[in-house]
Amino acid sequence: MRQAEAPESPESSGRGFLRMQGITKRYPGVVANEDVTFEVRSGEIHALLGENGAGKSTLMKILDGVAQADEGSIWIRGRQVAIRRPKDAQQLGIGMVHQHFMLVDDMTVTENVALAAPGRLAARADLAAVRDRLRRLAERHGLAVDPDARISDLSVGERQRVEIVKLLYRDADLLVLDEPTAVLTGGEWQHLATVLRELARHGKSVVIITHKLGEVFDIADRCTVLRGGRVVGTVTTAEASVRDLVRMMVGREVLLNVPRAAAEPGAVVLEVRGVHLRDDDGRTRLEDVNLSIRSGEVVGVAGVEGNGQTELVDILAGARQPTRGEVRIGDVRIERLDPRQAAAAGTAVIPEDRHRDAVALSLSLADNLTVKNLGESRFARWGILRRQAVREHCRRLVREYDIRVPGIDVRMRQLSGGNQQKAVVARELDRAPRLLIAAQPTRGLDIGAMEFVYRCVNRHREQGGATLLVSSEMDEILALSDRVVVMVKGRVAGVLSGAEATPETVGHLMSGAAEAMA
Amino acid sequence: MMSDRIRGLLIAWAVSIGAVVTALLASLVVVALAGSSPAEAAQALFDGAFGSTNRTAAMLAKAVPLTLAALGWVLAFSARRINVGLEGQILAGGAVAATIGLLVGGVPAALHLPLLVLGGIAGGALWAGIAAWLWVKRDVNEIIATLLLNLIMVQAVSWLVSGPLEEPTHTLGQTEPIAATARWPVLIPGTVLHWDLLLVPLLAVGLSFFLRGTTAGFRLRATGANPAFAAYSGIRTARVSALALVASGGIAGLAGASLIGATPQANMADNFSANYGFEGIVVALLARNSPLGCIPAAFLFASLKQGGGLLEARAGVPSGLVLVTQGLVIILVAGAGYLFERRRTRRVTAKAPSQPLPSEAPASDPTR
């Protein structure tokens with residue numbers, strides 16, 4: 001029924017497809033959206049850009065019918081509409097791809113699409129028909145999807161495509177993707193970008209919610225920036241610079257490429273000699289890894305994820321034992337490194353998987369900040385915690401590391417990703433470690449929090465600390481490292497000095513070594 | 001934030017109390033449906049528990065093992081270990097205590113009673129220790145291990161009271177009374193209430209402080225909250241968890257010692273625990289795993305247990321009714337708790353950006 005009014009030409013119903021006019025949404029104690037006006041044209045890709053907590057999600061929840069605006073109106077194709085429930089949004093042709101996919105793992109692609117299709121169950125149960133139409137849709141939009149594949153067998157990128165097909169099957173005209181690259185590898189993102197461009201060419205409107213500038217410049221036609229619940233502005237991407245957008249998003253200049261004093265490497269702090277690791281399945285994960293880091297030096301480990309970086313970090317943190325090889329921290333050769341010994345030897349770790357290894361979400365911020373200090377006499381005597389000292393210490397960390405919380409008793413769960421990471425950084429760096437192991441330290445952080453972490457790493461370096469930085473973000477490696485180690489298939493494929501390291505040389509090592517080993 | 005915490009506590013209390021009241025009212029409806037008088041039944045239930053000094057004392061005496069078992073559960077559960085073997089650990093503790101009470105002789109009470117108490121703790125701890133060892137070394141799920149160890153201990157006690165420790169006539173299937181020097185002294189003369197009642201506030205407050213105010217308690221909570229995080233932070237999680245299980249068994253064993261040394265008959269009979277180990281889990285559930293909350297929760301269940309005795313005689317209602325009430329409490333608390341958790345999560349989600357932060361602060365947004 002809706003197809004009848006769906007115009008083939010984007011212009012036939014005026015320029016705009018969607019207009020959210022003067023949207024205000026208040027939650028107790030805060031205004032999440034204030035007088036937000038947001039417009040999306042037919043056939044355009046529009047980025048909704050902003051830091052965590054800027055109000056992007058709230059705005060999209062209102063559009064999706066999950067939340068209701070206190071003030072303002074929503075117009076679609078020039079007609080005012082009321083969206084009270086997600087179902088209303090669906091019927092108006094609005095579709096969401098959530099960051100966490102809404103798919104049944106044990107079912108096939110066709111079955112999932114049928115489940116999400118509109119109409120009576122009886123009509124949807126004709127799987128052959130669903131499969132047919134699904135295949136046609138996928139072909140038309142260049143979406144490679146096998147209708148008979150089981151979801152659990154699909155990669156993350158493929159699952160995302162299934163979500164998109166689900167929306168197309170429902171005749172969605174506006175597709176909203178929430179942080180689409182959070183789970184994708186670089187290659188998968190290129191593929192997705194192609195798909196989205198194709199959809200836009202067919203007259204669909206696409207909104208991507210993001211805090212990453214790269215995505216915006218990759219595919220967005222226009223970009224609306226939110227900050228603190230208000231619209232800072234809407235710009236045509238082609239006419240904007242990275243610097244403009246960052247300033248709009250953060251509200252000030254952000255310096256990710258801080259000019260740094262030249263490295264003054266001192267004594268060797270970390271020495272890794274001939275480390276091998278074979279996992280439980282007998283596969284070789286690390287092979288003859290050699291590495292040394294001096295004080296005042298940042299060594300970046302670059303490489304596509306899954307080439308042994310995680311395992312190397314686990315070994316240095318003491319969470320895993322190498323099959324063979326030697327690790328020295330300072331002058332001490334550590335036979336069987338465990339997390340306690342690593343910490344005692346002066347190692348601080350920012351683990352890669354924050355929620356699994358770095359924080360306990362159900363405990364308080366104070367608990368999370370002090371978990372590594374239990375052995376210190378200033379915080380505990382005879383096994384009894386000195387409550388006052390603990391609380392003062394936590395308050396100081398909150399102040400010094402700018403952790404934005406109402407108090408130190410909040411559950412870790414209630415903090416934003418950026419604030420959680422600041423808490424981890426505070427806990428690790430406050431003990432003035434000799435060696436910092438930072439694995440993907442800015443993953444999931446917005447640009448403001450990222451700058452903060454960079455500053456902490458640089459300060460650690462200036463104070464003579466050694467740093468091993470593992471990151472899959474090339475920019476991060478290049479901005480922070482004095483030397484760059486490229487890892488491919490569990491081996492060190494090459495080492496570049498800071499001056500030699502460029503995206504080209506590092507990329508060349510990554511691919512060249514991969515080919516040589518293939 | 002503080003007010004948030006207090007509000008959370010108040011809501012938790014309201015949920016528990018509301019569930020209890022609802023369960024009681026619903027039970028009275030059941031009574032009415034069965035054709036008896038709800039008013040009479042309620043009166044009988046109340047009188048059964050509070051009608052006389054004797055009955056109140058008996059109620060309080062029942063609250064002791066209930067509280068201790070509940071505290072045992074809370075201790076293990078703080079490290080997220082599920083100890084469903086409290087019953088077996090009570091029996092084990094009681095068996096060791098009875099053996100000490102029967103076979104050790106000629107020592108003064110100042111030595112004998114502490115021996116009985118320590119023996120009880122050791123027995124419970126040892127029995128839980130088997131499950132802890134299996135969990136650490138053999139990766140055996142502690143739920144299964146503790147549950148099955150119950151069955152073994154039930155048989156072991158049966159064998160003891162009809163074999164090596166049976167009283168001389170070999171007819172009653174129980175032991176002789178233990179030596180007078182090994183018994184808990186009576187608190188209110190002429191009643192069944194003994195001084196072991198003091199253990200209730202002592203251990204509840206002690207456990208509460210242990211979990212919040214000591215490094216060992218911190219390690220326990222961290223291990224329970226996120227084992228991977230705890231390990232990465234240098235906590236020996238396997239050891240902490242195993243010790244939590246053992247200590248949990250020790251508290252249960254202490255309850256076992258009370259069931260031997262703080263009763264009028266002061267002997268060991270077949271199945272002397274009568275389900276305290278499982279009812280203790282329910283008490284902990286009603287208390288939402290708060291050590292101090294275990295006290296009122298245990299008193300409630302002890303009142304039901306004690307008050308049920310008069311139901312049949314006075315109101316013609318089967319005493320099994322109190323089991324219905326108990327069951328309803330469990331379902332209501334679990335259900336209300338579930339709804340409450342869901343509501344609260346949603347509230348936090350909705351409220352998340354509401355922390356009083358500067359506008360450009362990356363406020364929390366748990367929805368992504």
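Arg131(A) is partly exposed, its relative accessible area being 28%. This value, like the others in this report, comes from a predicted model. The residue forms a salt bridge with Asp148(A), and the closest N and O atoms of the two are 2.7 Å apart. The pair links distant parts of the chain, 17 residues apart: Arg131(A) belongs to helix H5 (residues 127–140) of chain A, whereas Asp148(A) is in the loop between H5 and helix H6 (156–169) of chain A. Asp148(A) is likewise partly exposed, with a relative accessible area of 41%.

## A salt bridge between the chains

Arg221(B) forms a salt bridge with Asp367(A), with 2.9 Å between the closest N and O atoms. This pair crosses between chains: Arg221(B) is in helix H8 (residues 215–225) of chain B, and Asp367(A) is in helix H13 (residues 365–370) of chain A. Both Arg221(B) and Asp367(A) are buried.

Because Asp409(A) lies in the loop between helix H14 (387–400) and helix H15 (417–429) of chain A, while Arg391(A) is in helix H14 of chain A, the pair ties together parts that are 18 residues apart in sequence.

The cut-off for a buried residue is under 20% relative accessible area. Asp409(A) has a relative accessibility of 15% and so counts as buried. Arg391(A), with a relative accessible area of 14%, is therefore buried as well.

## Salt bridges in the whole structure

Over all chains, a search of the whole structure finds 34 salt bridges. A network of salt bridges links Lys372(A), Arg427(A), Glu428(A) and Arg431(A). Lys372(A) is also one of the residues that line the largest cavity.

## Cavities

The search of the whole structure finds 3 cavities of 30 Å³ or more. The largest cavity holds about 50 Å³ of space. Its lining consists of Ala317(A), Pro339(A), Ala342(A), Ala343(A), Thr347(A), Val349(A) and Lys372(A), together with Tyr232(B) from chain B.

Two elements of chain A, helix H11 (339–344) and strand S16 (347–350), each supply at least two residues of this lining. H11(A) gives the most, with 3 residues. By class, the lining residues of the largest cavity comprise 6 nonpolar, 1 polar and 1 charged.

Key: Residues are numbered from 1 along each chain as its sequence is written. Chains are lettered from A and ligands numbered from 1 in the order in which they are written. This is a predicted model: local features need pLDDT of at least 70, side-chain atom pairs count only at pLDDT 80 or more; totals for chains, interfaces and linings use all residues. Side-chain values use heavy atoms; hydrogens and water are left out. On a 1 Å grid over the protein atoms alone, a cavity is a set of points where a 1.4 Å probe fits but cannot get out, and a pocket is an open set with protein on both sides within 12 Å along at least five of seven lines; lining residues have an atom within 4 Å of a point. Grid points are joined across faces, edges and corners, and a volume is the space filled by probe spheres set on the points. Helices (H or I, at least four residues) and strands (E, at least two) are DSSP runs, numbered from the N terminus. Ala, Val, Leu, Ile, Met, Phe, Trp, Tyr, Cys and Pro count as nonpolar, Asp, Glu, Lys and Arg as charged, and the others, Gly among them, as polar. A salt bridge is a side-chain nitrogen of Lys or Arg within 4 Å of a carboxyl oxygen of Asp or Glu. Buried means under 20% relative accessible area, exposed over 50%, partly exposed in between (1.4 Å probe, protein chains only).
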